[in-house]
Each structure stands twice: as structure tokens, then as C-alpha cells.
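Please examine the model shown below.

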Amino acid sequence: MIRVRRSGERGRVDYGWLDTRHTFSFGEYYDPAHMGFRSLRVINEDRVVGGAGFPPHGHRDMEIVSYVVEGALEHKDSLGTGSIIRPGEVQRMSAGKGVMHSEYNPSQTEPMHFLQIWILPDALGLPPSYEQKAFPEAERTGSLRVLASPDGRDGSVTIHQNALLYGTLLAAGEKIVHAFGPGRAGWLQVIRGDLEVNGTRLSPGDGASLVDETQVTLQAATEVEALLFDLA
């Protein structure tokens, strides 16, 4: 069964410096019908103007994955980490027993567009940690490249949950297939482009839960960038 979450149905808050869309209930946007999907708790699509960002704030007991689409994201945290995340790079911060961090657009003139993803961990009170890795376009083009996994397979970032995150870039007309193991389900999030998932058409910003689908076929109608979650 495929259940579509259209882009325009998401929660939206525009603060001027931040235009954010919430796939699931988050912050000021409360939606009891969309509280997450399995261990996937948050997908926020954020656009931040030049020089703005999120001042230091705390998190705990959450796996936080940041995926930059355009621009750059400057990260600093109480672990002593300071880094810049750019398109093609994925950041994972395990908040564990508690961590403070800030996120800013380091450019004064160019906007920044990124997705922040929260995944519930498989244990509470873990030591906080940080990881960042690059995934070149060539590795994501025409394929599903694993970006995050519980065992760091194929050079992916490691998350404390039985979940896999894949990234893909597809040319118009290109098709890929992914099989789900027994009892597993998926969430597909379209970043740009139009594609069909098992015959259901999705557009930029759309998401879809995939339940009782033994495999999923992604057929690109235009150039596509998308994320696929494979969840226990």
C-alpha cells in the first residue's frame, strides 16, 4: 500500500529568515495524524536566508541526519565539532544523553536549502557523537546509494537504529528497483523532479509511505533527486 503525503499538505512556518516545511508533526505544527512513520520521526525541509540560522540549542536521544540540497550548512556543537556541510555530504549527530549545537548559513548572500531528518534511536542515553561523509554524484547517479545504516556499510554514516537511508539521482526515463525484506516498510521523499513509485506519481516535496510492498520501482519522469528509507 502506498499512502502519499503531498508537499502542500505539510505543515509550513515562515519566519522570514527560515521557510520550513514539516512532513510530520513538529514544533508549532501539531498534526496527530502525522506523528512519524515507524522509527522515522521528522523530515523538515528548510530554506535559510544568508547569514541566518539556528542558535545553540539542545537535543537528546535522537539520531539527527542533515542532507544539504543547495548552499552550505555550518555546524558547531558541544562535542567540539565544527564543520561545513555541502551538497553531496551527509551529517549524522547522535544526540544521545544530550548535546548542544548550532546551525547557520555561512554565506551572507546565498540561500541554503537542506533536509533535517530525525530517527528514533534503538537505545536511550547513548554517548553523543558526530559523523560526516561525502557521497559524490557519480555514486548516487542511476542507483540507490546507502547514506546511513546501522553498521556503516559501504562507507555510510552509522545510525543507532535498524534503518537504512538511500540517496538517488535519476535522469528522465531512468528506472531503479528496491526490494524490501520481510516485515520492513519504506518512506520515499522527493527532493526535486517528478517520478512514479509503483505507478503513483510524486512531485517535489511529496513523500509516501510504502507498506506491504515487497519491492518498489522508481521511474523518473524528469531529473530526480530523492531519498528512500528502508525501515524495520
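Residues 24 or more positions apart supply 69% of the contacts in the chain that have a separation of 6 or more, a contact being heavy atoms within 4.5 Å. The model is a predicted one, in which local features need pLDDT of at least 70 and side-chain atom pairs count only at pLDDT 80 or more, whereas totals for chains, interfaces and linings use all residues. Residues are numbered from 1 along each chain as its sequence is written, and side-chain values use heavy atoms, with hydrogens and water left out.

Along the principal axes, the C-alpha atoms fill a box of roughly 45 × 40 × 40 Å.

Of the 232 residues, 53% count as buried, where buried means under 20% relative accessible area, exposed over 50% and partly exposed in between, with a 1.4 Å probe and protein chains only. The accessible surface of the chain comes to about 9,800 Å², and carbon and sulfur atoms account for 51% of that surface; the areas come from the Shrake-Rupley method with a 1.4 Å probe, and for residues only the protein chains shown count as cover.

An open sheet is formed by four strands in the order β5-β10-β7-β8, with antiparallel pairing; two strands pair if DSSP finds at least two bridges between them. Its edge strands, β5 (53-59) and β8 (82-85), each pair on one side only. Strand β7 (residues 73-77) pairs with β8 in the antiparallel sense over four bridges, and Lys76 stands opposite Gly82 in β8.

The structure also holds five aromatic pairs. Rings of Phe, Tyr and Trp (its six-membered ring) pair if their centres lie within 6.5 Å; planes under 30 degrees apart count as stacked, over 60 as edge-to-face and the rest as tilted. Tyr15 and Trp17 form a stacked pair, 6.4 Å centre to centre with 25 degrees between the planes. Tyr15 is partly exposed at a relative accessible area of 41%, and Trp17 is partly exposed at 29%. Together with Phe54, Tyr15 and Trp17 form one aromatic cluster.

Methods:
Helices (H or I, at least four residues) and strands (E, at least two) are DSSP runs, numbered from the N terminus.
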